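Q: Could we go through this structure together? I would like to begin with how the chain is divided.

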Amino acid sequence: MTEHVEFDSICPKCDGINHVRARVGERMVEVHCKHCTHGHNYLHVVHQHVIVKEYTPEEKLRNKIKSLIENKEFAFIGKRTTICLLTLKGGYEAVGKSAVADEAAFDEEIGKKYAFEDAMKKAIIALGAFLNKEDLK
Ligand SMILES: [Zn+2]
């Protein structure tokens, strides 16, 4: 996730309001007025701003796939392996697995967590190409 700040700035030349985005922590921003006929650059001192959080395309895709999950099932097989079956809206199924190297270290919750992540990865690869950009806004 990335963050930037946004604020409205009044042009000293024409009184027009410009909506500006800048990096977090920036105190002085050069604003290009889009209202002045020939354009006008001036410095804006940032007092008040809104921090805007933005998800990366990968995070958006992951969130989208997560929202499509209708059912999660887990199974433990052998002594160190966990299987996760995700059923998504529309009936698509993705299987993930995880295994610990040392069976003495096997932990159900950790096994479930990694098997889930593995199934998510597979669902993202399989479905990512089918979701168009509109779905990810
Ligand atoms: Zn202006």
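A: The domain assignment gives domain 1 (4-45) and domain 2 (57-131); such bounds come from an automatic or database domain assignment. This is a predicted model, in which local features need pLDDT of at least 70 and side-chain atom pairs count only at pLDDT 80 or more, while totals for chains, interfaces and linings use all residues. Residues are numbered from 1 along each chain as its sequence is written.

Q: How many Å apart are the C-alpha centres of the two domains?

A: The centres of domain 1 and domain 2 lie 46 Å apart.

Q: And which elements does the protein contain, from the N terminus on?

A: The order is β-β-β-β-β-α-β-β-β-α, which comes to 2 helices and 8 strands. Helices (H or I, at least four residues) and strands (E, at least two) are DSSP runs, numbered from the N terminus. The protein is more spread out than a compact globule, because its radius of gyration is 24 Å, well over the 14 Å that the globule rule gives for 137 residues. That radius is taken over C-alpha atoms, and the rule is 2.2 Å times the number of residues to the power 0.38.

Q: What does the C-alpha trace span along its principal axes?

A: The trace spans about 75 × 35 × 20 Å.

Q: How much of the protein is buried?

A: Buried residues make up 9% of the 137 residues. A residue is buried if 20 or more other C-beta atoms lie within 10 Å of its own, exposed if 12 or fewer, and partly exposed in between, with C-beta atoms placed from the backbone.

Q: Which residues form the largest nonpolar core?

A: The 8 residues are I65, I83, C84, L86, A94, A115, A119 and A123. A nonpolar core is a set of buried Ala, Val, Leu, Ile, Met, Phe, Trp, Tyr and Cys residues joined through C-beta atoms within 7 Å. Both β7 (81-88) and α2 (108-128) supply at least two residues of this core.

Q: What does A123 touch, beyond its neighbours within four places in sequence?

A: A123 is in contact with I65, L86, L88 and A94, contact being C-beta atoms, placed from the backbone, within 7 Å.

Q: Turning to the helices, where do α1 and α2 meet?

A: L61, R62 and I65 in α1 meet M120, A123, I124, L127 and G128 in α2.

Q: Last topic: where is D15, and is it buried or exposed?

A: D15 lies in the loop between β1 (2-10) and β2 (17-23). With 9 C-beta neighbours inside 10 Å, D15 counts as exposed.

Methods: Contact = placed C-beta atoms within 7 Å.
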